[in-house]
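Let's take a friendly walk through a protein model, one piece at a time. Keep the 3D view open as you read.

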Amino acid sequence: MRVAEAVGRALVAAGVGQVFGVVGSGNFHVTNAMVAAGARFVAARHEGGAATMADAYARTSGVPTVLSLHQGPGLTNALTGITEAAKSRTPLLVLAAEATAPHSNFRVGQTELARAVGAVAARVTSADAAVGQALAALGRAVAERRTVLLNLPLAVQEEQAPGGVPADIATPRGPAPVEPDPGRAGELADLLDAAGRPVFVAGRGARTPGARDALLELADRHGALLATSAVARGLFRGSAWSLDVSGGFASPLAADLITGADLVVGWGCSLTGWTTRHGALIGPGARVAQVDDDPTAFGRHRPVDLAVTGDVERTARRAGRAPAATAGGR
């Protein structure tokens, strides 16, 4: 079994069920191997479209997803979509054939390109290590919520994989939910009790099972209005208190109501300049709290009054256990 086939079959055995891409000579065999092993392949007319589809599918499905590309121009054509995925911390594995012959017209600095846009770069270095390196790249993409480029050198792809595909491949798991500190969750509950016009702004981190229901319950408890960042748009669809999206795409009414809040809570939301209209949607005197399972996210785009490290659902449920004051105005 050639390395290309072994890598493709191993990735499907590890849970990859969906592949997007454009097939060329360099990624033909690995893509066919994934399809033969049971994965569904969606062919795009252009690599940029394939990258965007893979990004969107990985974000919304929560399952291991692959983008398969030809060497050189196949990767550069997809770079804008890969950049968006990397900046958004989408767990995505990009399989790109790699030309290593010194004078090949298809040879580009693929590792350097990946790192330049914030993706993780990895490479299959030998036939012996190929399957393990591919599974490690997939595992890192899922466990660290990163976009990982796995370069597949053409010469190595053609070699025989001595061990074939192991029979006991495990599906990688994402990071375990972070339990919030009870004291910090209590401080958040106090802020909500004291607020008269709270607004919740949910982001990518709130698109997890159970988070929507937990936020709706907490919002009802405290009379909070509900908004989202652009990437989480639609999360609160159906709620009478949904303002839809916050930021540059917000409706005039939503913008007025968000600006009038005396407490803004970002749930798995970075509160970037796009989401807050460069701070204009945070009213004078409004307090700002931020909930995120990544401690490096706090204050990255604007100062916050309270930072709570924790999973969105778990933090919302813990904050809701404290006795609630009379709900705000809505």
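Predicted model: local features only at pLDDT ≥ 70, side-chain atom pairs only at ≥ 80, totals over all residues.

The paragraphs below begin with a sheet and then turn to a helix.

Six strands form it in the order β2-β1-β3-β4-β6-β5, with parallel pairing. At the edges stand β2 (40-43) and β5 (120-123); each has a single partner strand, so one side of each is left without a neighbour in the sheet. On average, neighbouring strands are turned by 25 degrees against each other, direction ignored.

Now look at one pair of strands. Strand β1 (residues 18-21) runs parallel to strand β3 (residues 65-69), and four bridges join them. In one of these strands, β3, you can find Thr65, the bridge partner of Gln18. Helices pack on this sheet too: α2 touches β1, β2, β3, β4 and β6, and its direction makes about 145 degrees with that of β3. Helix α5 (residues 79-87) touches β3, β4 and β6.

Next, find helix α1 (residues 3-13). Is α1 mostly covered or mostly uncovered? It is mostly covered, with eight of its 11 residues buried. Among the buried residues are Val3, Ala6 and Leu11. The elements covering them include α2, β4, α7 and α8.

One of those covers, α7 (residues 130-143), packs against α1 at an angle of about 40 degrees, with the axes 9 Å apart. The crossing is right-handed. Here Val3, Ala6, Val7, Ala10 and Leu11 of α1 meet Ala130, Val131, Ala134, Leu135 and Leu138 of α7. The residues of this contact are 10 nonpolar, no polar and no charged.

Conventions
Residues numbered from 1 in each chain as written. Heavy atoms only, no water. Axes fitted to C-alpha atoms, helices over the stretch in contact; angles between N-to-C directions. Helix = DSSP H or I, 4+ residues; strand = E, 2+ residues; numbered from the N terminus. Left-handed = near helix turned anticlockwise from the far one by under 90°. Contact = heavy atoms within 4.5 Å. Nonpolar A, V, L, I, M, F, W, Y, C, P; charged D, E, K, R; others polar. Buried < 20%, exposed > 50% of the residue type's maximum accessible area, 1.4 Å probe, protein only. Pairing = 2+ DSSP bridges.
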